[in-house]
Amino acid sequence: MQSRGVSFSVGLILILIFALAATVGPHVTTADPYAIAPHKAFHPPSTQHPLGTDELGRDLLERTLHGARLAFIISVVGVGLGATVGIGMGIWVGFSGGQVERLAMRLADILLAFPGFLLALVAAAALGPGVGNLMIAVGFFSFPSFVRVSRSLAKSLRREDYVAAAHTFGARTRHIIWRHILPNTAGPLLALAALRIAAALTTASGLSFIGLGPPLPAADWGSMLDMGRAYLWEHPRLVIVPGVALFVTSMGFYLLGEGIHDRTRSTAQE
Amino acid sequence: MKSLLKRTGDFGITLMGVVCLTFLFMHWLPGDPAELYAGEEATVEDLAAVRQRLGLDRPLPIQFVQYVSQLVAGDLGDSLRSGKPVTMEIATRFPLTLKLAALSTGIALVVAIPGGLLAAARPESRGAKLLEWSGLIILATPVYWLGLLLILAFSVSLRILPPGGSDSLTHLILPSAALGAHTGAATARMLKASLVDVLGRAYVTTAYAKGAPTWRSVVVHALPNAAIPVITFLGMETGKLMGGAILTETVFTLNGLGRYLVTSIAFRDFPAVLGVVIVMALGVTAANLAADALCALLDPKQR
């Protein structure tokens, strides 16, 4: 269908904008996101400050761009961590089976039954504030779903003829996993990763919204929203700008995930 | 029936896992609660006395066994902050969170059922496309930002609704809308997929062939069968609803379980944190079991 291609490309474009903002953005503007200038507090948008300044006179555009960098590190690297551990575990237990598999799946089920946000919240609270710890919390809340999906993929692929053929030719399990299983699970796993990143973005910023994120004065979207909501009545700009950035980014990953999902499904049907 | 019993057993094991995991995590919480509660001028002896009173001087396994045996008896320990039993603290805040969750689910269903029906009946129409995209937009919007935008629109600009702060019905409209929007969008998508699947089945075609009007084929024949996966899904959504409630209650300053959890973390009040997490996990479990039971009633194949 036509609309399917649309969600994939729109998602990709939004993510590219986000990636550019996170990498190049902070170098284009010259303002310091942490420079406090009380006499410039709540300045409206001007040529010097395209999006105006916040309650401490800091440049809002610069802070939002730095926020993109933090969001990128926390969500993409966090989910990457969770995916690496989860996929490794899932394929391994799906391939070896037996008691190990039953135990691992029980563990994954326990973690999946636990409300995701609560899981990340408990992990973030236990680890303490900080970018690295938030990343681990995000990884921790994403890895069970990767275990589940990659295990079922590995199990279904194990019965395929080409895997059986590789076995007959004397290929080792490790070789089969790297050369045959992983490449064939790439589509569904990429779709899952994109959807998990979208969830991680809102979860991580939600955690810093309630004070469990990187310590202040970090230019994190969640804590910017938390600080800005005190001025919601007079200066809604402080809540709208970081929120739009967050929304556009998570929308991009949602669309990309949906797009990949639809693509892999339609090739599977052909 | 047998499968329902098995599910109950599974949930029991899950709950035990939740208790173990949260207990361990709470003991990794940075900062010593004894130092926090003994005050600034506390001597080493004072600290030791506080630790003894809180039971923190005993080895972790013993603390855990003690906690679990109390838990079985329905005792969640005393809050470090107020000194009152955690069960009491939770009991005063639970009704508000329950009200919020129920209202949100209600709003979600009011949006999701007509939306899902329309999208499934005419999947290629403009209205269905519009619904699909607005659903995606809502799903990508963080619940607390949606809450802030609703306050901005209805309390700051239009001045027709209060921005939360109390548990009267008018105060709960905005928080429930913010919290329910997500569930509504997700449920509409689920219902549409389920309906499209069911509408292709032979008994619906038969109803058409016998001359039943379209709405009758959809509502009488397809909807009850399409509802089964949707009910299971709604049960699973309660987990997300609990997570969302934590943020929603913070945005709208509602004194429910979620906000209690957030402040308890800030005060290192770990019996309270542990208690709220267990109660929330219990609530999610109960909702999932209720959904399973309802599905078993609706689906003759499961009886």
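The model is a predicted one, in which local features need pLDDT of at least 70, side-chain atom pairs count only at pLDDT 80 or more, and totals for chains, interfaces and linings use all residues. Residues are numbered from 1 along each chain as its sequence is written, while chains are lettered from A and ligands numbered from 1 in the order in which they are written.

**Chain A as a whole**

Chain A has ten helices and zero strands, where helices (H or I, at least four residues) and strands (E, at least two) are DSSP runs numbered from the N terminus. Its C-alpha atoms fill a box of roughly 75 × 45 × 30 Å along the principal axes. Of the 270 residues in chain A, 50% count as buried. Here buried means 20 or more other C-beta atoms within 10 Å of the residue's own, exposed means 12 or fewer, and partly exposed lies in between, with C-beta atoms placed from the backbone. Among the contacts in chain A with a separation of 6 or more, 72% join residues 24 or more positions apart; a contact requires C-beta atoms, placed from the backbone, within 7 Å.

**Where the chains meet**

On the chain A side, 33 residues are in contact with 36 residues of chain B. Helices α4 (98–113), α5 (116–127), α8 (173–209) and α10 (237–269) of chain A each supply at least two residues of that side. By class, it has 22 nonpolar, nine polar and two charged residues. Ala, Val, Leu, Ile, Met, Phe, Trp, Tyr, Cys and Pro count as nonpolar, Asp, Glu, Lys and Arg as charged, and the others, Gly among them, as polar.

**The core**

The largest nonpolar core has 148 residues, and those with the most contacts inside it are Ala120(A), Ala123(A), Ala124(A), Val138(A) and Val276(B). Such a core is a set of buried Ala, Val, Leu, Ile, Met, Phe, Trp, Tyr and Cys residues joined through C-beta atoms within 7 Å. Its largest share, 16 residues, comes from α8(A). Leaving aside neighbours within four places in sequence, Ala120(A) is in contact with Ala137(A), Val138(A), Phe141(A), Thr203(A) and Leu207(A).

**α8(A) against α9(A)**

The axes of α8(A) and α9(A) (residues 221–228) come within 7 Å and cross at roughly 45 degrees. The crossing is right-handed. On α8(A), the residues that meet α9(A) include Leu207(A) and Phe209(A), and those on α9(A) include Trp221(A) and Leu225(A). The residues of this contact divide into five nonpolar, five polar and one charged.

Phe95(A) lies in helix α3 (residues 60–96) of chain A. Not counting residues up to four places away in sequence, Phe95(A) touches Ala154(A), Arg158(A), Thr173(A) and Ile177(A). The C-alpha atoms of Phe95(A) and Ile181(A), 86 residues apart along the chain, are separated by 9.7 Å.

In chain B, Arg159(B) has a positive phi of about 55 degrees although it is not a glycine, and so does Arg268(B). Arg159(B) sits in the loop between α7 (143–157) and α8 (169–199), whereas Arg268(B) sits in the loop between α11 (257–266) and α12 (270–298).

| Residue | C-beta atoms within 10 Å | Class |
|---|---|---|
| Phe95(A) | 19 neighbours | partly exposed |
| Arg159(B) | 8 other C-beta atoms | exposed |
| Arg268(B) | 21 other C-beta atoms | buried |

Terms used
Contact = placed C-beta atoms within 7 Å. Axes fitted to C-alpha atoms, helices over the stretch in contact; angles between N-to-C directions. Left-handed = near helix turned anticlockwise from the far one by under 90°.
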